[in-house]
Amino acid sequence: MPALPFAAPAASPARPLARSDVAALFDLPFTTLLFRAAEVHRAHHDPERIELATLLSIKTGGCPEDCGYCSQSAHADARLPATKLMDVPAVLAAAREAKAAGSQRFCMGAAWRNPKDRDMDALCAMVEGVNALGLESCMTLGMLTPAQAERLSAAGLDYYNHNLDTAPERYDQVVTTRSWGDRLDTLAAVRDAGINVCCGGIVGMGDTRQDRVGFLFALATLPEPPESVPINALVPVAGTVLGDMLKDVPAARIDDLEFVRTVAVARLLMPTAVVRLSAGRESMGEATQALCFLAGANSIFTGDKLLTAGNAGVGSDAALLAKLGLRAGDPVRAPVRAPEAVQA
């Protein structure tokens, strides 16, 4: 296969990245793939540092979208009560707790199709307050208009999360209440407003390797690849379409080695991004997480809960990092070398 550059493929490609290039990376022998991903990772990041992020649900449940994986969808039968938007002091109290526990980034998620303009003052106050604590701020609020993105940017929002979820050809099997184009429109509004993009997706939703190829190809060939890439393994929740499906067909879940492969390919395609192990990590053993760190993951969500799902907890995470000789902190650094290419 032709060379893949260490720089983001969309930025300065030797030739345009092809979907077949991504498939060829997935097909590499496992140890070869991890070795190459680890080399790229070390060229752009401190391999001994892992960013800790905390994710808080600032508005839970009642979302009108029909995402098949989500317990917060009004279409799901997950018996999750809807709440109103948290007030600003409560959010900032949670942010202070997150910082005290070692987090560097504080992420705020609201179960909305899109925020209402009446909520923007409170949302901007949350951003300003989180930034004042010395934390990076991130929000995920659904779709944004350009004007809303500009307001969040003016408040100082560091990152906006809006996942592609899956491959474009499979998208309407996961959600039907918004389109792939709607996703891209929000990402463009965020980028145009000068906010860093956090964009990834979910694997283990019954997807095939070719679906994962399409998902990572779509991410890597955005006009500008994301600065932050969360990779989630589906947490099946009873009452959701995909959660119920996976309980009936457990073989549709992704196995650990294939998940590690997905992380490694993400690292090769998006060398400078922070790649985050997100939902699903609480069901992974220590060895699987260690392989993910070797493959290029350099961020985790810490704490006892991710929105509405359980998570490993601060103590468990600290013990794992200590066992692996890793430290919490900003993993991004200027490249120490610039290899020319990765050959498959």
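Reader: Leaving aside neighbours within four places in sequence, which residues is Leu152 in contact with?

Author: Contact means heavy atoms within 4.5 Å. Leu152 touches Met120, Leu123, Cys124, Val127, Met139, Leu141, Leu144, Leu157, Tyr160 and Ile195, once neighbours within four places in sequence are left aside. This is a predicted model, so local features need pLDDT of at least 70 and side-chain atom pairs count only at pLDDT 80 or more, while totals for chains, interfaces and linings use all residues. Residues are numbered from 1 along each chain as its sequence is written, and side-chain values use heavy atoms, with hydrogens and water left out.

Reader: Which residues touch the most other members of the largest nonpolar core?

Author: Start with "buried": under 20% relative accessible area, with over 50% exposed and partly exposed in between (1.4 Å probe, protein chains only). A nonpolar core is a set of buried Ala, Val, Leu, Ile, Met, Phe, Trp, Tyr and Cys residues joined through side-chain atoms within 4.5 Å. Here the largest has 93 residues, and Phe106, Met139, Leu152, Leu216 and Phe259 touch the most other members. Helix H9 (residues 256-269) gives the largest share of this core, eight residues. Another core, of seven residues, lies apart from it; Leu55, Cys107, Cys138 and Phe301 are among them.

Reader: Where is Leu141 found?

Author: Helices (H or I, at least four residues) and strands (E, at least two) are DSSP runs, numbered from the N terminus. Leu141 is in the loop between strand E3 (136-140) and H5. Leu141 counts as buried because its relative accessibility is 0%. Beyond its neighbours within four places in sequence, its contacts include Ile58, Met108, Trp112, Leu152 and Tyr160. Look at Ala111 too: it is 30 residues from Leu141 in sequence, but 6.7 Å away in space, C-alpha to C-alpha.

Reader: What share of contacts in the protein chain, between residues at least 6 apart in sequence, join residues at least 24 apart?

Author: The share is 76%. The chain has 11 helices and 12 strands. Of its 344 residues, 55% count as buried.

Reader: How far apart are the end C-alpha atoms of helix H6?

Author: The expected span of a helix is 1.5 Å times one less than its number of residues. H6 (residues 180-192) has 13 residues, so it should span 18 Å; its end C-alpha atoms are 18 Å apart, which agrees. Trp180, Arg183, Thr186, Leu187, Ala189, Val190 and Arg191 are its buried residues. Their cover includes helix H5 (146-155), strand E4 (159-161), strand E5 (196-198) and helix H7 (209-220). After H6 comes Gly194, with a positive phi near 85°.

Reader: What is the phi of Asp165?

Author: Asp165 has a positive phi of about 75°, although it is not a glycine. Find it in the loop between E4 and H6. Asp165 is buried, with a relative accessible area of 2%.

Reader: How many aromatic pairs are there?

Author: Rings of Phe, Tyr and Trp (its six-membered ring) pair if their centres lie within 6.5 Å; planes under 30 degrees apart are stacked, over 60 edge-to-face, the rest tilted. That rule gives one aromatic pair. Tyr171 and Trp180 form it edge-to-face, at 5.7 Å centre to centre with 80° between the planes. Both residues, Tyr171 and Trp180, are buried.

Reader: Which ring does the charged end of Arg276 sit over?

Author: A charge sits over a ring if NZ of Lys or CZ of Arg is within 6 Å of the ring centre and within 35 degrees of the ring normal. Arg276 has its charged end over the ring of Phe301, 4.8 Å from the centre. Arg105 lies over the face of Tyr159, 3.7 Å from the ring centre.
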